[in-house]
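Please read the points below beside the model.

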Amino acid sequence: MNEDVLLALAEQHLNKTPLATDKNLPTEGVSRRHFFKIMATTSGGLAIGLAMPAVGVAAETSLSDASPFNPNAFIHLYENGDLTLYCGRCEMGQGISTALPAAVADEMDADWSRVTVKQADGDKDKYGPQSTGGSNSARVMLTPMREAGAAAKAMLIAAAAKVWQVNLSNCYAQNHYVYNAANGKRLSYGELSTIAAGLPVPEKPTLKNKAEYKYIGTELPRHDLSMVVKGERQYGVDTKIPGLRYAAIVHCPVMGGTLKSVDKTAALNIKGVLDVVVIDPLKLPYGSLGGVAVVADNTWTAQQGVKALKVEWNKGEHGDYDTKAYRQLLVESVEKPAKQVFNRGNVEKAFADAKDTVKATYTGGHLCHAPMEPNASVVWVKEDSCEVWASTQSPEDIQKVLGTFLDRKPKDILVHVMISGGAFGRKFKCDYVHEAAAISQAIKAPVQLIWSREEDMRTGYYHSISAQHIEASLDANGNVTGWLHRAAFPSINSLFNSSLDRAPKGALGAINSHPFNVSNFAAETGYAPAHTRIGWYRAVYAIFIGFAFGTFADELAHKTGKDTLTMLNELYDANKAPKQQEICQRSKTVLALAADKSGYGKALPKGEGIGLAVHYSFHSYVAMAVHVKVDGDNIKVLNVDCAIDCGQVLNLDGAKAQMEGAVVMGMSLSLYTEIVFKEGAVVNSNFHDYPVLRHNEMPNVRVHAIDSNEPSTGLGEPGVGPFAPALSNAIFAASGKRYRDMPFKPLPV
């Protein structure tokens, strides 16, 4: 260690002398909502944690016994200069465990090559809200994480000023070192870590301006890219601990059904099968439906045991659910007057005075999340503890559900958050973790439960089936004077209130607040009771609302003889609501960018067309220009130009990947994927009858990001919504055929 540092340490510990200071040095006693907590260690390191007041921060405590091998803060700097950064949000392939830690490293002026990123365990008091969904990780966490990094840098600079006995203004940080501007001397972050650990945390540290960014906004590769490519990344399904038992499960295929009888004999006669456990339903939104699990000495044997079970079910009230008939019910519901939830102006008069009218109905089927990694968790329930390893989007919900099930405090449930091999909203729900806990409690051993692909597809949570009906009135100049929008879809709220028989007002808020904002407007909700578990799916309501708005705008353009770009711009320009002017302008900007980059409006060969759509959701703006070639029923997507405005982009490489993934999902749900129910149960079982996009179908995707100084917003979900309407519009431009029902090419299941 540098001799200057050793002398400073001796002075600090023996004499307790104050720091050399100037007016810019933060002092003790200043506490702005207790946002930062110092976690000082005598073992040689600097740890800084982030406290989120909104979720009830624990009182500040000294962590003098913390080990460098068990840090419990976002930032831990070791004496050798290695830097460990914890990600409190759940990584599921979206790249957040690179984007947020890189922002910390940027504000610290740290060397990214010295950084190790780790996933934080479930602990909201230390890491703030950890539920990862709604595309809100960047929007909620970026500023706090940047402030954590800036605070660490300020403390390291203060430590160097202490060593050199100079004012802070004489010191600056750069690439893992603090430099003395007067003489060029430097001290490494590692050398300064112990001194810095004893200093007060700045309450509101100065953040960099955009021109100073080193990592934010660049194409920084994922921190774990090499591990993923080489198959070394440990996902939830890879978890192994000593004494582990393995389980597979089967559930009643109909929501609300119950177990009638089970014959375990054949399963128990299979070599390696250890037990058969009946799991009762847990009446919580994310608790188990109830099922029968087979426990064995390996997963394959457990799955064979499940197949050998002879199980009979009572189907219950939803035993006749049929999606073909239900879709028709929804269509009938929206093509006649329904329950009004929003109204402004005078829609009746607008239609009575109209020169012309346009109307259309759009439908979409249930969707299954179908992540590559099925539901998987390891749980060990003991008399005095419960430990969980799970691919999850919400460790807090695991703690709540298991706390209720085990009659323990949620904070006593230790949840190790494992990286998820895809999630898309499915792993927000933790029924598969509750089931593993029930099995572990029954057999008094740790258990790994893995749902089969078929079990997840047949008894999971599903995106809402829906019908959207829009009618618009036009004046003599082709201007839209009135807009009537009826929607019918089973609500996610039915998870919490099973008596709901239509989408509530809150679920239709995205229709009412859509930036077209026609003066004479009404929104109505049709009858749509839930007959299966409805859950969040990537992009949620933006899928069917975006499809309806985006396709209908194209139909209005065709009716009035305008091109789609002109029609959309006119709709935005007609919006005079002060609060929506920014939304309109930013929507127009991404729309213009996508159109320009795609060559929209230029002559194309016969059978080719470009379709446009734009959608604002999750505080972000995404426009798609889809270029297709159509030959009869054969649809080939050639190019996709995607323009995004998500404020300040955290990681351009990650942003591009998110949009490429949105195109994959958007093409899949537009062309192929639909969950079909007959006699109460899902007919699909795997990717042969629920196909997702194949590699040879992938179009050329070009992502164009707006260079913005606005606050960062999310990208995980907003890219999905505008793809289906852009594709439908492109097909119409190429062939004259209009698709209003998703998927466009459903399999005969």
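1. The expected span of a helix is 1.5 Å times one less than its number of residues. Helices (H or I, at least four residues) and strands (E, at least two) are DSSP runs numbered from the N terminus. The model is a predicted one, in which local features need pLDDT of at least 70 and side-chain atom pairs count only at pLDDT 80 or more, while totals for chains, interfaces and linings use all residues. Residues are numbered from 1 along each chain as its sequence is written, and side-chain values use heavy atoms, with hydrogens and water left out.

2. Helix α11 covers residues 395–406; its 12 residues should span 16 Å at 1.5 Å a residue, and the end C-alpha atoms are 16 Å apart, which agrees. Its buried residues (under 20% relative accessible area, with exposed over 50% and partly exposed in between; 1.4 Å probe, protein chains only) are Pro 395, Asp 397, Ile 398, Gln 399, Val 401, Leu 402, Gly 403 and Leu 406. They pack against β17 (376–381), β18 (386–391), β19 (413–418) and α12 (431–443), where contact means heavy atoms within 4.5 Å.

3. Asp 407 follows α11 and lies in the loop between α11 and β19. Its phi is near 55°, a positive value in a residue other than glycine. Asp 407 counts as exposed because its relative accessibility is 70%.

4. Helix α17 (residues 581–598) gives the same kind of check: 18 residues at 1.5 Å each should span 26 Å, and the end C-alpha atoms are 26 Å apart, in agreement. Buried residues in α17 are Ile 583, Cys 584, Arg 586, Ser 587, Val 590, Leu 591, Leu 593, Ala 594, Ala 595 and Ser 598. Their packing partners are α16 (564–573), β25 (608–617), β26 (620–631), β27 (634–645) and β30 (700–705). Just after α17, Gly 599 has a positive phi of about 80°.

5. The axes of α16 and α17 come within 10 Å and cross at roughly 170°; axes are lines fitted to C-alpha atoms, for helices over the stretch in contact, and angles run from 0 to 180 degrees between N-to-C directions. α16 is therefore roughly antiparallel to α17 (over 145 degrees; under 35 is roughly parallel, 65 to 115 roughly perpendicular, the rest oblique). Leu 565, Leu 568, Asn 569, Tyr 572 and Asp 573 of α16 meet Cys 584, Ser 587, Lys 588, Leu 591 and Ala 595 of α17. The residues of this contact divide into six nonpolar, two polar and two charged. Here Ala, Val, Leu, Ile, Met, Phe, Trp, Tyr, Cys and Pro count as nonpolar, Asp, Glu, Lys and Arg as charged, and the others, Gly among them, as polar.

6. Helices α18 (residues 652–671) and α19 (residues 723–735) pack at an angle of about 60°, with axes 9 Å apart, and are therefore oblique to each other. On the α18 side, Val 663, Gly 666, Met 667, Ser 670 and Leu 671 make the contact, and on the α19 side Phe 723, Ala 724 and Leu 727. These residues divide into six nonpolar, two polar and no charged.

7. Two further backbone features deserve a look. Phe 618, in the loop between β25 and β26, has a positive phi near 55° and counts as partly exposed at 21% relative accessibility. Met 742 and Pro 743 are joined by a cis peptide bond with omega about 0°; Pro 743 is in the segment after β31 (741–742).
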